[in-house]
Every structure is written in structure tokens, then in C-alpha cells.
Number of protein chains: 6
Amino acid sequence: MATLKAAIYPGSFDPVTNGHLDVIQRAARVFDKVVVAVANNSTKNVLFTIGERVEMLKKVTKGIKGVEVDTFDSLVIDYARRKKINVLIRGLRMTSDFDYEFQIALTNRRLAEDVETVFLMPSEHVSFVSSSILKEVASLNADISSFVPKVVEEQLKKRLRR
Amino acid sequence: MATLKAAIYPGSFDPVTNGHLDVIQRAARVFDKVVVAVANNSTKNVLFTIGERVEMLKKVTKGIKGVEVDTFDSLVIDYARRKKINVLIRGLRMTSDFDYEFQIALTNRRLAEDVETVFLMPSEHVSFVSSSILKEVASLNADISSFVPKVVEEQLKKRLRR
Amino acid sequence: MATLKAAIYPGSFDPVTNGHLDVIQRAARVFDKVVVAVANNSTKNVLFTIGERVEMLKKVTKGIKGVEVDTFDSLVIDYARRKKINVLIRGLRMTSDFDYEFQIALTNRRLAEDVETVFLMPSEHVSFVSSSILKEVASLNADISSFVPKVVEEQLKKRLRR
Amino acid sequence: MATLKAAIYPGSFDPVTNGHLDVIQRAARVFDKVVVAVANNSTKNVLFTIGERVEMLKKVTKGIKGVEVDTFDSLVIDYARRKKINVLIRGLRMTSDFDYEFQIALTNRRLAEDVETVFLMPSEHVSFVSSSILKEVASLNADISSFVPKVVEEQLKKRLRR
Amino acid sequence: MATLKAAIYPGSFDPVTNGHLDVIQRAARVFDKVVVAVANNSTKNVLFTIGERVEMLKKVTKGIKGVEVDTFDSLVIDYARRKKINVLIRGLRMTSDFDYEFQIALTNRRLAEDVETVFLMPSEHVSFVSSSILKEVASLNADISSFVPKVVEEQLKKRLRR
Amino acid sequence: MATLKAAIYPGSFDPVTNGHLDVIQRAARVFDKVVVAVANNSTKNVLFTIGERVEMLKKVTKGIKGVEVDTFDSLVIDYARRKKINVLIRGLRMTSDFDYEFQIALTNRRLAEDVETVFLMPSEHVSFVSSSILKEVASLNADISSFVPKVVEEQLKKRLRR
């Protein structure tokens, strides 16, 4: 018997990159519904407001079936329980910090045994640029058109080159 | 709209360990149907026949909803296509070989873009013992009761201590 | 001929976690005397004062034979020499940063060939939560009772939720 | 037919260590010309001014054939193109962060397909101390004479112990 | 003053893959001359004879300026000295075994201080398939056309499917 | 109150290298007694007999206070219990396989909670050559005098070059 399978993809998305987008597309093929959940963490130093990040995500995921964009400011597992969704998605890039991802996933599991973290592997073509390296090279006038969607490229240029 | 979500968990399972079982249980909570697919690879040196491995898997997964046990002797992505299932599951242990897992997953993706590999993280309590270490310590009369299900423990004892 | 074997376990302990406590207990079984040495590093951003950290450590290690709590504000190897102790202890978590630990240990060895770093492996049940992740989830009202001793849990709640 | 082979070794060099110097010497044996390029990154928190870092580098590389010291404040690949040099050098220490180095190298390649990153392995005797650990132990009065050239040791002492 | 810069790229090449070919092309842009040196190691279990491996390499590198194919059956550093070439090239794949590569490079350096190992990073598009995984999937009738040059694909098919 | 502190350093030692010897020397400074325990594992493919390996170890450790050489053919934790020693020593080389070492240590801990594994870090000067690489380069007539003690060098030459 089929049940609706939903998953949450949490992150800062400051801003969304082609790597994030690749994970979202893969998640949307595996699950019926994917909630992209933007962390509204007041203490973290961000380039874009929560509103801007949500807006960019909505634009770039518009065509992908089953994807919603939301925000959260609690523990991600508390958010998952409120949404009654028991799957978290994380992208596991070849160049990512496994140790950190595992710490987070194990901590979340200890806090909520019923919420499962599922790791997807983004395409090797788009996955190596983290948001922080992206912002660094963008501030030095790099051509970032292959790292981010068009709408993000424009926002980043405006923000960083003023 | 909910569609039935199925996934394949391929492996040698020579024999199934508590770590495998943990992955199967997690997969069964994320997906509607989980096909545990035992590789019938004639060139690999195995302790148990394909029939014995299937039998042990069937016994230990009997109570888990949505789990089937099957065998395959082709490429796993060809098997996935024949079964019309587009998700592969791999357990990603903290002490596993990420590099090898990534090579396999990227190779499978290149061979079949439509089949997605999903990584689950088994419990840290049961995940560190690989089948090969298990067989080594079992052959030296170790108490393996915390590493494998009861039925496997008995089979291993019979096989290794004759 | 038996000599008294002492070791220093240096760290920030901001605050002490169940992972630290597990290392202390293991160290106390291997060595006759274990000095838990709290770094009084004025430049590092800490949540608890050196006095508070020492007090919590004293409370949670009270029952463990051979354990002392002390502070230091010099190089750890200079502290070791003053104490006439030639063994440093570090916990090596599966999810820890080996590279960083190795850099520190090799640097200390170059500075003091006579001081040996010994790595212990904390239990996989308690070792994955670093002090920084702990503080982050605690500030979001997570139930941290399985990550820290009772006395630390209370202090953290007071400090973070005011 | 031999062409002049030049390479750029970019970095912060805040300050230059024996590990950097080892990479420079190896690079000078592999290439005809090595440009040590000091990043003039205004946002990064540095201990020494760009002028001081260049001066120290010039002093310690004076005797090495084919080595020049320069500064840059753009993307390193834009600098490479202006210098008409298509090889970047990076030291790959056993204790370095491969993931980060690979992210940077892949990003640079995407931005400039014609610029190749070449990794050299510094000697295990000098390579484990990063500039940041160096500054930390130097500020605690460590004997750093085996980590940095004499001229740097003196500058560090003046700067940190005032 | 320009000197002719030569490098040796040693390996088993059983058979050459697109990943090897990518490294050869990058090496040929960095160095004037690249000697692809096929190890004639009698104890290692190989699929293709030394003659077949050399022939395939010659065919696929024919168009690349400065590339030669040769064989060696001694220590690679002894071969390098006989050829009067002081640079060894290794491809450093994101999914490769750094530890092993570093052991080999450090051992070679200890045996021959004057021979430098230089690591190149093959393209992420072609680098993840090792020769051993290639042979495994090829034996299961995978479409390997994106992993190896055309001539190698044909040879592999003949060899494995007889 | 001081108790005699003993530790077991288990391994194949086929043959003992300078890296092993470095670990033994460090262990002898940390513990009162160090039992170097040679695994008599009939299934593993070895170059030297158990008797030869013991003899070489005895020769090279003769001058080190508190060191004994012994053999075992059971589980190492069963051997430890028979010897009433509750500490196992493992060398943790920068280029070693952490994952495998952790699997073994966690498995041993599960089998015997009272036996603690302690990791020591051998000198970076001697630690990178594993016994298997050593044997490979020795068979190709490499000068191995910096990797092994004199007595082992002679035995290896005799054995491999006949």
C-alpha cells in the first residue's frame, strides 16, 4: 500500500547553488514531496535575509514537482515532528566534511529516533562549490554562471559588487 | 499523490549482520517496499551459498513489513531496471570506505542516470563489524552474539568450527 | 618495578560532556593518576568561566579514583613538564578531525620529545557530540540529557535560556 | 623543444613557514620559474602586513634559483592569466584538509580550464605545522626555531610578545 | 633559461582508462615530455599482457604532443634515474586512496630524494572509475563507452566476453 | 599507589620495521612492561615463519627495558585476559587506515569491555612504510636500510633475492 512519502531538506541556502538544486531534483524523484526548509538562524552571519533566500529558492524550484519551500527557527527535528515528516535529506559531496555531517546526523537521531537522515550524492559536475567558496570568488568578480542558477547569479552580483 | 516507493538494498550478505539488519529496518521505514538483493557473484570467495544467504535473510527479516529477499547475477542497475525500481540503498558506516562507496555509486549513476543511490546510516551500536571481520573473529571462537542475529550465529558456528 | 603512571588530559571542557567523561574513565583505568587540565585561554570564546568549568569537572569526576582537576595557561607541554608528567591523553572520536589532532600531537612532540601523546577511543554511544554542537542544540531547547552529566545539563539550561 | 616552465605558488604566507619553504624548493626543482604570490586579501585577519610578508619571503627565498615574490588581490586564476602562467602549485600535507584543497582546485579549474593545479608533497619533517598553529604556540612562548626560518622567528617574537 | 622538462607517469594501465588519459593530457600541458611507463610486474594479476597494454596506450596517446610509452620492471625510481628524469606524476582522484598514494610517494622520496612526485587532479567527469571496477562492470556487460577510449572498449569486450 | 602497568602490542611483524620499533620504544616509556605479541595466524600469507619473526623482534628489542616478545594464536582479547593485561597498543600512522583500526578496536571492545585499546603515534620519519610496501620494494632491490633494523635488512635480502 502506497503512502505519501515526504522528506525535509534543511539548510542555510545562503544562497542556493546548483549543487543544492541537484539534490532537490534527486530528492523529488525519490520522494513524493520535498520540503526545502531554510534555517532562520539569527546568530549565523548570512549574506541574504531569510526572505531573500526563500524567494530565490521558490524561483529556482518552481518547475520541480512536489517541492515546497519553508522556513524554520527551531531544532530541525522539532520542525520535522511538527510537519509530521520523518525523513531528513542531506547532500553528501565528495569534497564535503563527512565527520561533521555524521555528527549532525547522529545527534539528530539521538534527539529523535523516529526521524531518519537520508544522504543523496549530488552530481560531481555541480557539487564541489560550497556557498562560502561561491561567495568568496563572486566577491572577486569570478564568472559564477556555472555554479548558481541565473536568478541567484544576478542577486549575488548586486549584493557583492555594490 | 502517493506512489508506491520501492528500493533495492544490494549486497553479498555473507552472512547478514546486525548492521545489515539495522539498515533494512531503517529502509523499511523510509520506503514502502525494500528488496534485499543478494549478489550471486560466482567469482567472489564466499562462506555461504547463495541459497543459505537468502534463507538466513528471509528468517531475520520475516517480521519487517515490506521486505522481500531476492537474488541477482547481473549488474545491479540492470537488475533495478528489470524490477522497475529506481532507488538503491547503501549503508554508510562511520568506519566504512567512503571512497569505494562513492566510486560504486558514481559508476552506477553513469551507467543508469535514472537510478538513484540513497545512503542510510546504521546505528553506531551495530555498524562497525564488517562481514569479513565477523568471520575472522568467529573462526577464533569469539562470542559474536551481539554482531549477528541468533540464526546467523548458529550457522556461523557450524560452518567455521567443524 | 612499578612506577606511578600519570597522564594529563588537556582541553577546554566548555562544558564537560559524557564523551569527555568516558575518556576520563578509560584513562583512569589505564593510568594511576589522571590530571584533567582545563585550558585557561583568554582569547578563546567560552560559555563558562574557567572556575565554572573546573567546578563542573570536579563534581562529575568525584567518584573516579585517581582523577584530579587543574588549570593551565601556558603551552600544554610546559605545563606537563612542570607537573613532571610525560603522557598527554586525547580522545580520538570516529567523527573527530584526525588531521587537526595529528597536527597538534606532532607539534607537541617537536616541542617536547619526552612527552608522549596517547589516544583513547571513547564509546561510540557518547562520543559524537562535540561541545560546540552541544551548545548549539541546547540553545534551541534540545533534550541534552543523554549528552552531558545532570549537573552540566542544569548549568547549560540556566546559561543558554536566560 | 624546451619552453620556459613557470608556476605560481599562491597563499597567505602569514608568515612563511619551513613547510612553505620546502614546497618552494621542490617547485624550483620542477619548474624553471616559481612565482610565490602573496594574497592581499583585505577581509582576512592577518598578523603581518602584505609588505612584511613579502619582505620575509624575499629574504628566505633569496638563495633559491628561479623564485620571485609577488602579490595579488584578484582571483588567483585572473592573476595567473595576467602573468601568462598556467600552473598553480599547492602543498598537500599529510595532515591537510584534502576536501578543501580539492574544492578550491576544482573551482579554479571550472573558472579557468587552461590553468592546471599541481600538488607537491612537502617533507614530513616540516609540513605538519600550519601558520595558525604556529602563531598560537608562538604566542605561548614556544621554541619555534624548527618550524620557521630564523628571520621569521625573530619577527614573530617581536610581534607576539610585545 | 628553459630546460626540457620531462616527467614519468608510471602505472599498470590494465587497461588505460579515460581517467588515465585525462592525467596524460594534463601532464603534457605542464611538461615538455611525458613518459607513460607501464609496470611489467610479473607477480601482479593482470588482464592484458604488457605488450597489449603498451599498444593500447600508444594508440590512445598518438595525438598528444610530447608523450612516449615505455615499460619498466625495476623500482620506478631506478627507472627514473636511468631515464634521467626527476619527476613522477600521479593522478589524485577525489575517490582515490590518499593514504596509499602518500605511502608510495614518501617511500619513493626516501629511496631517491632527487625524484619529485607531482600530483595532478583528473577531471571529475572521468576520474572515478578505477581499472578494477571497470573490469568488474565490463565483465557484467555494462556499457563502458564513457569510461574508456573506443579501442580499449573493443579489447575489453573481446577479452571478457569470450 | 603505583601498580605495574603492562600493555600488549599485537601484530604480524612480518617483518618488524623501524615503524614498529618506534612504537615499541614509545610504549616502553609509557608502560612498565610491553609484551610484543606476534600473531600465529595460519591462514595469513606470511614471508617469515612465526619463529623467525619472534627471533628478529627479540634481537631488535634486546636493549629496550620492559619489553618481552611472545606469540598468540587466539583472539587477541583472549590472549590479553590470559596474560591478565588490559591494555592493547596500536600504532596510528598518518598514512594508516583509520577506519580499519577503528573497526578492530571497537570489535575488541565489544568482545571485552575491560580491555582498552591505546593508540600511539610513531615518528613521521619511520612510520609511512608498511610491511607490505617494504616487501614489495625489497623484492625490487631497493635500499631498505632506513626502513628496517640491520638484522631485518639482512634477513629480507636473503629471503627475497634467492
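This is a predicted model: local features need pLDDT of at least 70, side-chain atom pairs count only at pLDDT 80 or more; totals for chains, interfaces and linings use all residues.
**View 1. The contact between chain B and chain A.** In this view, 33 residues from chain B meet 33 residues from chain A, and the two chains bury about 3000 Å² between them, with 59% of that area on carbon and sulfur atoms. Between chain B and chain A the count is 8 salt bridges, and the count of residue pairs in polar contact is 15. On the side of chain B that touches chain A, α1 (18-30), α4 (98-111) and β5 (116-120) each supply at least two residues, and the largest share, 6 residues, comes from α4(B). Sorted by class, that side of chain B has 18 nonpolar, 4 polar and 11 charged residues.

**View 2. The symmetry that relates chain B to chain A.** Chain B is superposed on chain A by a rotation of 180 degrees with 0.0 Å of shift along its axis, and the RMSD is 0.0 Å. The two copies are therefore related as by a two-fold rotation axis. Within chain B, the C-alpha nearest that axis belongs to B:F119, at 2.4 Å from it. Both copies use the same surface, since 100% of the contact residues of chain B recur in chain A.

**View 3. A network of salt bridges with members in chain A and chain B.** A:D22, A:R26, A:R29, B:R109 and B:E116 are linked in a network of salt bridges. One salt bridge to look for here joins A:R29 to B:E116, whose closest N and O atoms are 3.6 Å apart. Over all chains, the structure holds 84 salt bridges.

**View 4. The contact between chain A and chain E.** Here 5 residues of chain A are in contact with 5 residues of chain E, and the area buried between these chains is about 450 Å², of which carbon and sulfur atoms give 72%. On the chain A side, A:M94, A:E124 and A:H125 lose the most area to chain E, together accounting for 81% of what that side buries. The count between chain A and chain E is 0 salt bridges, while 1 residue pair is counted in polar contact. The residues of the side of chain A that touches chain E divide into 2 nonpolar, 2 polar and 1 charged.

**View 5. A salt bridge between chain E and chain D.** E:R110 forms a salt bridge with D:E124, and the closest N and O atoms of the pair are 3.4 Å apart. The pair crosses between chains, running from helix α4 (residues 98-111) of chain E, where E:R110 lies, to the loop between β5 and α5 of chain D, where D:E124 lies. E:R110 counts as partly exposed at 26% relative accessibility, whereas D:E124 is buried, with a relative accessible area of 5%.

**View 6. The surroundings of D:H125.** D:H125 is found in the loop between β5 (116-120) and α5 (131-139) of chain D, and it is partly exposed, with a relative accessible area of 30%. Leaving aside neighbours within four places in sequence, D:H125 is in contact with C:R110, F:E124 and F:H125.

**View 7. A salt bridge within chain B.** B:D114 and B:R81 form a salt bridge in which the closest N and O atoms are 3.0 Å apart. Because B:D114 lies in the loop between α4 and β5 of chain B and B:R81 in helix α3 (residues 76-83) of chain B, the pair ties together parts that are 33 residues apart in sequence. B:D114 is partly exposed, with a relative accessible area of 37%, and B:R81 also counts as partly exposed, at 40% relative accessibility.

View 8. E:E153 forms a salt bridge with E:K150, and their closest N and O atoms are 3.7 Å apart. Both residues lie in helix α6 (residues 150-161) of chain E, 3 residues apart, which is about one turn of the helix. An α-helix has 3.6 residues a turn, so residues three or four places apart point the same way. E:E153 counts as buried at 6% relative accessibility, whereas E:K150 counts as exposed at 57%.

**View 9. The buried residues of helix α2 in chain C.** In helix α2 (residues 50-60) of chain C, the buried residues are C:E52, C:R53, C:V54, C:M56, C:L57 and C:V60. The elements of chain C that cover them include α1 (18-30), β2 (33-39), β3 (67-72) and α6 (150-161).

Methods. Residues are numbered from 1 along each chain as its sequence is written. Chains are lettered from A and ligands numbered from 1 in the order in which they are written. Side-chain values use heavy atoms; hydrogens and water are left out. Contact means heavy atoms within 4.5 Å. Buried area is the accessible area (1.4 Å probe) that two parts lose on being put together, summed over both. A salt bridge is a side-chain nitrogen of Lys or Arg within 4 Å of a carboxyl oxygen of Asp or Glu. A polar contact is a pair of N or O atoms within 3.5 Å; within protein, one must be able to donate a hydrogen and the other to accept it, and residues adjacent in sequence count only if both atoms are side-chain atoms. Ala, Val, Leu, Ile, Met, Phe, Trp, Tyr, Cys and Pro count as nonpolar, Asp, Glu, Lys and Arg as charged, and the others, Gly among them, as polar. Copies are superposed by least squares on the C-alpha atoms of residues with pLDDT of at least 70 in both. Helices (H or I, at least four residues) and strands (E, at least two) are DSSP runs, numbered from the N terminus. Buried means under 20% relative accessible area, exposed over 50%, partly exposed in between (1.4 Å probe, protein chains only).
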